[in-house]
Amino acid sequence: MLHTPPGIVLPTTSHQPTPQPTPRPAPQPATTPCTIPGNAYSASWISGVTTIPGTDTLLITHNDVCVQGTTISNQAFGLVQYRPATNALGPQARVFTTPTGLPFQHALGSPIITGGHLYLYGSTCDTQAFGTCTNGRVTLARVPARPHAWTNPAAYRWHTPRGWTPDPAQATTVLPGGAPLAVHAADYTTTGDGYALIEQRTLGGDFQIWRAPHPTGPWEPLRRGRMPCGGQSGLDLCRAYIGHPELSTRRDLLVSYYNPADGHISVRAVPW
């Protein structure tokens with residue numbers, strides 16, 4: 001089913017207020033069964049949402065996962081349309097599926113539609129220690145912004161310095177010097193701030209804000225900071241750093257995050 005893990009909220013865009021009421025899709029298992037009572041479960045976790053231009057419909061991206069103990073395996077990436085006015089979800093399309101685990105370039109999120117394309121980001125931390133990422137990659141995929149294309153795996157292309165390639169393994173990072181445990185990108189052009197990406201760098205709350213004139217970049221570091229997270233244990237971690245264009249202003253970027261210390265979603269204003 002389309003679940004949000006504790007602390008995950010639906011990011012929205014400046015073109016669409018937070019949908020009310022919250023969508024309640026019917027249960028659906030992940031790509032392969034991994035349910036072991038008391039030990040493992042499968043779910044679809046939302047990785048982003050954006051408005052489909054010219055419509056009142058939202059496009060939700062999700063990653064199907066198998067959670068077993070302290071291991072989370074991405075098994076599929078998919079999309080589903082949602083109409084807030086009728087509280088109705090459309091068909092759920094799984095684009096990439098690999099029961100043994102998706103490469104991070106296929107585990108996509110942060111959808112942005114501009115210039116006739118749907119852009120999506122994937123990230124991985126290549127080197128980390130004690131809850132801190134010291135080196136990692138953020139890759140970018142795009143596909144024509146039409147349902148028949150974004151549901152077709154063969155239509156996806158990945159960004160490289162030489163252009164766009166159908167081979168995700170050739171994708172290079174669009175965030176030089178990045179060290180992501182997780183990222184969230186969104187369109188802030190309505191506030192005059194272009195595109196912004198929030199990079200969570202540590203489990204202790206540290207983050208880096210990046211800004212660019214286009215989803216492809218060039219991405220420039222803007223500001224570093226730390227959210228007051230605490231009380232972490234197991235998989236109950238400081239997470240879900242999501243930027244909100246619909247709440248942000250020319251002066252402040254509004255960021256929500258989950259704090260295990262109080263079990264709540266908090267929102268903070270980060271100066272641009």
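Analyst: The account below begins with the basis of the values, then takes up the disulfides, the salt bridges, the strands and a surface patch.

This is a predicted model, in which local features need pLDDT of at least 70 and side-chain atom pairs count only at pLDDT 80 or more, while totals for chains, interfaces and linings use all residues. Residues are numbered from 1 along each chain as its sequence is written, and side-chain values use heavy atoms, with hydrogens and water left out.

The structure holds 2 disulfides, a disulfide being a pair of cysteine sulfur atoms within 2.5 Å. One of them joins cysteine 125 to cysteine 133, with the sulfur atoms 2.2 Å apart. The torsion about this S-S bond is about 110°, so the disulfide is right-handed. Cysteine 125 is buried at a relative accessible area of 17%, and cysteine 133 is buried at 3%. Here buried means under 20% relative accessible area, exposed means over 50%, and partly exposed lies in between, with a 1.4 Å probe and protein chains only. The disulfide between cysteine 229 and cysteine 238 has its sulfur atoms 2.1 Å apart. Its S-S torsion is about 60°, so this disulfide is right-handed. Cysteine 229 is buried, with a relative accessible area of 17%, and cysteine 238 is buried, with 1%.

The salt bridges come next. The structure holds 8 of them, each defined as a side-chain nitrogen of Lys or Arg within 4 Å of a carboxyl oxygen of Asp or Glu. Among them is the pair of aspartate 64 and arginine 94, at 2.3 Å from N to O. Strands are DSSP runs of E with at least two residues, and helices are runs of H or I with at least four residues, numbered from the N terminus. Within this pair, aspartate 64 is buried at 0% relative accessibility, whereas arginine 94 is partly exposed at 27%.

Another salt bridge joins aspartate 126 and arginine 137, whose closest N and O atoms are 2.9 Å apart. It links distant parts of the chain, since aspartate 126 belongs to strand β7 (residues 117–129) and arginine 137 to strand β8, 11 residues apart. Aspartate 126 is partly exposed at 37% relative accessibility, and arginine 137 is partly exposed at 32%.

Aspartate 193 and arginine 250 also form a salt bridge, with 2.7 Å between the closest N and O atoms. This pair links distant parts of the chain, 57 residues apart: aspartate 193 sits in the loop between β11 and β12, and arginine 250 in the loop between β15 (239–243) and β16 (252–259). Aspartate 193 is buried, with a relative accessible area of 3%, whereas arginine 250 is exposed at 53%. Salt bridges that share partners join Asp193, Arg211 and Arg250 into one network.

Alanine 141 has tryptophan 158 of β9 as its bridge partner. Strand β9 in turn pairs with strand β10 (residues 163–165), again in the antiparallel sense, over 3 bridges. Tryptophan 158 has threonine 165 as its bridge partner in β10. A hairpin is formed by β9 and β10, with 2 residues between them.

Further along, an open sheet is formed by 4 strands in the order β11-β12-β13-β14, with antiparallel pairing. β11 (182–187) and β14 (220–226) stand at the edges with a single partner strand each, so one side of each has no neighbour in the sheet. β11 pairs with β12 (residues 195–200) in the antiparallel sense over 6 bridges. Within that pairing, valine 183 has glutamate 199 of β12 as its bridge partner.

Finally, Leu247, Ile265 and Val267 make a nonpolar surface patch of about 250 Å². Valine 267 is placed in strand β17 (residues 264–271) and is partly exposed at 48% relative accessibility. Patches are made of residues with over 30% relative accessible area and no salt bridge, with like charges joined within 9 Å and nonpolar side chains (Val, Leu, Ile, Met, Phe, Trp, Tyr) within 5 Å. Accessible areas come from the Shrake-Rupley method with a 1.4 Å probe, and for residues only the protein chains shown count as cover.

Terms used: Two strands pair if DSSP finds at least two bridges between them.
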